[in-house]
Amino acid sequence: QVHLVESGGGLVQAGGSLRLSCAASGRISSYTMGWFRQAPGKEREFVAAISWSGGSTYYADSVKGRFTISRDNAKNTVYLQMNSLKPEDTAVYYCAADVVVVTTQADYWGQGTQVTVSS
């Protein structure tokens, strides 16, 4: 079992930065980890993912070049560094974990953290 808790969300102006953290209660070293987001009235969408070793990362086209996913398995924590934020990045951001591929059907989810970008 893995329990995930996100933090680091908040209100930021367009062009600003935030760093989200996802702390796990269990060991996540064998899990693929990902970040998803859900804006009001929209479906949850993929943002970024990272392999268990951290050697491979994947990004949605909408965030590529602006967001960076990383992990520290010794601390059981995954991060999402978000730069050059845009109002359209406003959403609840969720951390997810799965053994193989992390999708919207992932095995484990956090409760989410709100990110609001003002124009």
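The model is predicted, with local features requiring pLDDT of at least 70 and side-chain atom pairs counting only at pLDDT 80 or more, while totals for chains, interfaces and linings use all residues. Residues are numbered from 1 along each chain as its sequence is written, and side-chain values use heavy atoms, with hydrogens and water left out.

Start with the sheets. Strands of a sheet pair through backbone hydrogen bonds, either parallel or antiparallel. Strands here are DSSP runs (E, at least two residues), numbered from the N terminus, and two strands pair if DSSP finds at least two bridges between them.

Leu 20 lies opposite Leu 80 of β8. Strand β3 covers residues 18-24 and includes Ser 21. Ser 21 has a relative accessible area of 18% and is therefore buried (buried means under 20%, exposed over 50%, and partly exposed in between, with a 1.4 Å probe and protein chains only). Its contacts (heavy atoms within 4.5 Å) include Val 5, Trp 35 and Tyr 79, leaving aside residues up to four places away in sequence.

Now turn to strand β4, residues 32-38. Six of its seven residues are buried, so β4 is largely enclosed by the rest of the structure. Strand β4 pairs with β9 (residues 91-98) through seven antiparallel bridges, and with β5 (residues 45-50) through five bridges, again antiparallel.

Next come the salt bridges (a side-chain nitrogen of Lys or Arg within 4 Å of a carboxyl oxygen of Asp or Glu). The whole structure has four. In one of them, Arg 37 meets Asp 89 at 2.9 Å, N to O. Arg 37 is in β4 and Asp 89 in the loop between β8 and β9, 52 residues apart, so the pair links distant parts of the chain. Arg 37 counts as buried at 6% relative accessibility, and Asp 89 is buried at 0%. Asp 89 also forms a salt bridge with Arg 66, whose closest N and O atoms are 2.8 Å apart. Arg 66, at 11% relative accessibility, counts as buried. Through shared partners, salt bridges join Arg 37, Glu 45, Arg 66 and Asp 89 into one network. Another salt bridge is formed by Lys 64 and Asp 61, at 3.2 Å from N to O. Asp 61 counts as exposed, at 66% relative accessibility.

Finally, look at the loop between β9 and β10 (108-109), where Val 100 is found. Val 100 is exposed, with a relative accessible area of 60%.

Notes
Helices (H or I, at least four residues) and strands (E, at least two) are DSSP runs, numbered from the N terminus.
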